[in-house]
Amino acid sequence: RYGKQLKLTKLSNNKMLLILENCIRMGDPLLIEDLGETLDPALEPVLQKAVFERQGRLQIRLGESDVDYDSNFLFFLTTKMPNPHYFPEVCIKVTLINFTVTFDGLEEQLLVDIVKREIPDKMKKKEELMLQLADDKKTLKGLEDEILRLLSESQGNILDDEELIQTLDSSKKTSAEVNARVTVAESTNAEIEISCRRYVPVATRGSILYFVIADLANIDPMYQFSLAYFTRLFNSVIESSEKADTVLARNGILISDITQTVFLNVARGLFEKHKLLFSFLITVQIQRNMNQISTQEWGLLLRGAGTMNTAERPKNPVDASGQEIWSEKQWTLVYACSEISPSLKGLCDVVVDDLNAWADWTDSYEPHAIAERLPLDFEDTRELQYFHRMLLLKCFRPEKLIFAIAEFVQLAMGTNFIVFPASTMAEIYADTSHFTPAIFVLSTGADPTAMLYKFAEEKGQLETLGAISLGQGQGPRATKMIETACKEGTWVLLQNCHLARSYMPQLEKI
């Protein structure tokens with residue numbers, strides 16, 4: 001809407017107040033990005049709209065000076081914080097809008113990115129048609145308003161009003177031309193839309209991956225991946241992946257490459273113990289999207305039976321000595337599976353009818369292995385996925401679930417998603433830029449410095465590589481070193497960042 005008039009800045013910009021003052025004077029819209037939970041006190045007069053009139057001019061006080069205030073000035077603030085908490089005194093001064101991305105919204109956004117790169121001519125035509133439709137509809141609205149105005153102002157016999165007659169005549173011709181263009185444009189737009197929708201599976205896969213990545217923050221707060229990072233990675237795969245002769249083949253290549261690339265790049269930043277969990281979540285969400293796993297079945301695996309009515313639950317079977325074969329909790333979960341999962345319906349009765357066969361399976365060394373068939377013909381007579389075997393393992397052999405998860409991922413996604421090779425400096429360097437630094441999170445005894453120095457030597461950066469160990473009073477030196485490196489195009493290594501926590505916000509602004 002505001003196009004090139006919109007000015008962008010951040011609170012960390014030294015010239016932020018000057019930009020704000022200029023926008024207020026000229027009536028330009030201003031957007032301040034990346035807010036934290038506290039606002040700069042200098043913004044207070046603007047948020048309060050403390051505008052006053054002096055000698056016939058609207059003014060507002062910024063700092064120590066009064067600034068002319070243009071009533072066309074608009075002020076926008078955005079934050080990337082997932083769940084910011086602002087004090088009530090801030091909330092009453094602004095209008096808070098939640099623009100958190102949704103699954104469908106992100107899917108549409110990614111679809112636009114794909115189409116722009118795959119069929120740019122049709123995307124350009126679609127944008128031109130959208131603009132044309134908007135202009136034509138605006139023209140029609142203008143004609144209607146003009147006719148209504150003339151009718152309301154007309155006096156006497158309408159047929160004697162020449163201006164009105166001429167306007168009606170020209171409006172009729174213009175309206176016919178515009179309606180014809182609108183009809184053609186809408187038809188063409190529908191055809192283009194069909195071509196664009198053929199790439200929806202790729203956009204859907206991208207949306208699935210992003211929301212799995214976003215949920216990683218619930219596992220560890222350190223796992224924060226921005227949408228901008230994901231979109232950049234997504235688009236880079238589209239541009240670099242192998243081409244194909246048909247859309248179907250191209251979609252298959254894109255889905256495979258995007259999934260693999262995103263997995264490798266994100267897994268590189270995860271602790272070893274969480275990598276299999278990440279690949280498992282990707283696999284499950286893909287299958288849930290394909291309706292191969294229901295929400296109820298997924299809940300069973302995660303939370304167990306929970307609270308449910310067990311009045312009609314069959315009696316827990318006993319062995320020859322009269323002891324219950326499975327615990328009350330296990331048998332309740334078996335009953336829950338038989339009631340909730342259509343593929344496992346009647347499981348309790350099946351188990352009771354063939355106790356020995358089921359006992360042999362549950363006592364086997366590798367009940368999770370595909371080679372270890374389920375008792376009797378249970379697998380053959382039902383539409384069972386491997387996920388249902390995992391539910392059975394949760395019922396009877398929960399300690400084998402970790403092995404079943406690896407088997408499940410390998411069957412659905414391939415070995416690449418359960419084998420996690422160590423990253424090389426060349427791979428890490430390929431994903432960095434002057435806007436994207438590399439951060440090494442080290443465990444006790446780990447030190448990548450030698451590897452970094454060796455790689456710097458290969459790149460001809462060893463002699464100019466600046467290294468500094470952060471600590472008390474080292475912040476200004478580190479800042480100066482970074483500024484020099486920015487000017488000269490050299491590398492900087494900041495060590496022991498955990499010893500300078502107070503410097504980290506300043507480093508983030510840099």
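The second largest pocket has a volume of about 180 Å³. The model is predicted: local features need pLDDT of at least 70, side-chain atom pairs count only at pLDDT 80 or more, and totals for chains, interfaces and linings use all residues. Residues are numbered from 1 along each chain as its sequence is written, and side-chain values use heavy atoms, with hydrogens and water left out.

**Pocket**
- A pocket here is an open set of points on a 1 Å grid over the protein atoms alone, where a 1.4 Å probe fits, with protein on both sides within 12 Å along at least five of seven lines; lining residues have an atom within 4 Å of a point.
- The lining of the second largest pocket includes Tyr-229, Arg-232, Asn-265, Asp-431 and Thr-436.
- Helix 8 (residues 227-240) gives the largest share of this lining, 4 residues.
- By class, the lining residues are 3 nonpolar, 5 polar and 2 charged.

**Nonpolar cores**
- A nonpolar core joins buried Ala, Val, Leu, Ile, Met, Phe, Trp, Tyr and Cys residues through side-chain atoms within 4.5 Å, buried being under 20% relative accessible area with a 1.4 Å probe, protein chains only.
- The largest has 81 residues, and Phe-278, Phe-396 and Phe-408 are among those with the most contacts inside it.
- Beyond four places in sequence, Phe-408 touches residues including Phe-280, Ile-293, Tyr-386 and Met-390 (heavy atoms within 4.5 Å).
- A second, separate core of 16 residues includes Val-46, Leu-47, Leu-62 and Tyr-86.

**Hairpin**
- Strand 4 (residues 57-62) pairs with strand 5 (residues 65-68) in the antiparallel sense over 4 bridges; pairing requires at least two DSSP bridges, and strands are DSSP E runs of at least two residues.
- Ile-60 stands opposite Val-67 in strand 5.
- The hairpin has 2 residues between its strands, and Gly-63 in the turn has a positive phi of about 65°.

Definitions and conventions: Buried means under 20% relative accessible area, exposed over 50%, partly exposed in between (1.4 Å probe, protein chains only). Grid points are joined across faces, edges and corners, and a volume is the space filled by probe spheres set on the points. Ala, Val, Leu, Ile, Met, Phe, Trp, Tyr, Cys and Pro count as nonpolar, Asp, Glu, Lys and Arg as charged, and the others, Gly among them, as polar.
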